[in-house]
Amino acid sequence: MSAVFRAQDKLALLLALVPYLLDHDRVSVTDAAAHFGVEPERIRDAVSLIAVSGVPGETKQYQHGDLFDIAWDEFLDHDTIVLTHQVALDDAPRFSAREAAALIAGLQYLAALPEHGKRDAIATLMAKLTRGASAAPSQLAVSETATAADAGVEQLDILQTSVSRGTQVEFSYLNARGERESRRVDPLRIESVDQDWYLRGWCHLRNAVRTFRLDRITELRGTEQPVSRHGDDVVLPSSLFAVSENDLRVELELPSDALPVLSDYLTPGARTKRDGDRVRVTIRVSHYHGLKRLVAGLPGLVTVIAPDEARRVVAEWAAAGSAQYDGDED
């Protein structure tokens, strides 16, 4: 340890010591010195300086209540620091109990996501939010509906392990055409949207970034093969599904207030034609079979206008579904 304890070092110790003391009801000089890696005498000097520090009142002169204070008997007789009065710090804005509860609930959700394997930092932040709120936050529990319970714990464990190890995964994938393909993927990210979970990664079959729904993945296994693409090498689009110039264009008609549902399918600057409360818009899809789920998600709202092939695919799919009920009695 350097014999020279510079002024900036003293200031840094003083600034760090105050919040440390606020987090501890009482602490010995020896423990504080060990925490900051300094000699005990440095702690004693800093505590003495704290005791004559504060913020002057409206008279611009220091009064008793304008200064920090400590339990001097404890400090002088037992070498123990107990902060008994603090100033200025109470004026710092704090989260309300409701705001803190909302933030803690969000952190609980993040802690449940598979990509957050190390949760110590999240737990520490939740504890700080609890202590720093203006009142005790309400106790909330985050439902596991949108967490690992629905996605398949075993699948998520395999993917999380592969992401952390930087190794490839292999699986059989059922695409939107109803065809099964063997895929080998460098896993980059696991995320959920509503009730569905997705794997985003570099697909070696397509030689591009692809998104896979976990409920369409079977025979998933991790490999020992290192990934060829890393998160730093590949730019993942901000939206889950990115359009490309090779996608097919489809014209749809739907109520104008349902248009935001199609945001992931729209290209920047996409033009719309409005007719009253209805709107026509052109979207892009990788294949016409992908329209099936889109139409099913907006039953009775979406009409496929063009091209004819897209209309045929959706009409045949709807007719096949309707045929399942033919002959059923009420």
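1. E316 has a relative accessible area of 47%, so it goes down as partly exposed. Keep in mind that this is a predicted model.

2. Staying with E316, have a look at its partner. E316 forms a salt bridge with R312, and the closest N and O atoms are 2.9 Å apart. Both sit in helix α10, 4 residues apart, which puts about one helical turn between them. R312 also forms a salt bridge with E309, this time with 2.5 Å between the closest N and O atoms. That pair lies within α10 too, with a spacing of 3 residues, again about one turn of the helix. As for accessibility, R312 is partly exposed at 37%, and E309 is partly exposed at 36%.

3. Which residues does W317 touch, once its neighbours within four places in sequence are set aside? The contacts are K292, V295 and A296. W317 belongs to helix α10 and is partly exposed, with a relative accessible area of 34%. Along the chain, W317 and K292 are 25 residues apart, yet their C-alpha atoms are separated by 7.3 Å.

4. Now the sheet. Four strands make an open sheet in the order β11-β12-β10-β13, with antiparallel pairing. β11 (272-275) and β13 (303-306) are the edge strands; each has a single partner, so one side of each has no neighbour in the sheet. From one strand to the next, the twist averages 30 degrees. Helix α10 (residues 308-323) packs on this sheet, where it touches β10 (248-255) and β13. The helix direction makes about 150 degrees with that of β13.

5. On charges, the structure holds 14 salt bridges. One of them joins E253 and R280, whose closest N and O atoms are 3.0 Å apart. This pair links distant parts of the chain, since E253 is in strand β10 and R280 is in strand β12, 27 residues apart. R280 is partly exposed, with a relative accessible area of 34%. Both residues also belong to a salt-bridge network that links E251, E253, R278 and R280.

6. A separate spot to check is helix α2 (residues 29-36), where V29, A32 and A33 are buried. Viewed down the axis of α2, its buried residues fall within an arc of 100 degrees, so they line one face of the helix. What does the face turned away from the buried side carry? There you'll find the exposed residues T30, A34 and H35. After α2 comes G37, with a positive phi near 70 degrees.

7. Last, the hairpin. Strands β7 (residues 196-203) and β8 (residues 208-213) run antiparallel and are joined by 6 bridges. Y198 stands opposite R213 in β8. The hairpin has 4 residues between its strands, and N207 takes a positive phi near 55 degrees.

Conventions:
Residues are numbered from 1 along each chain as its sequence is written. This is a predicted model: local features need pLDDT of at least 70, side-chain atom pairs count only at pLDDT 80 or more; totals for chains, interfaces and linings use all residues. Side-chain values use heavy atoms; hydrogens and water are left out. Two strands pair if DSSP finds at least two bridges between them. Helices (H or I, at least four residues) and strands (E, at least two) are DSSP runs, numbered from the N terminus. Buried means under 20% relative accessible area, exposed over 50%, partly exposed in between (1.4 Å probe, protein chains only). The arc is that of the directions from the helix axis to the C-beta atoms. Axes are lines fitted to C-alpha atoms, for helices over the stretch in contact, and angles run from 0 to 180 degrees between N-to-C directions. Contact means heavy atoms within 4.5 Å. A salt bridge is a side-chain nitrogen of Lys or Arg within 4 Å of a carboxyl oxygen of Asp or Glu.
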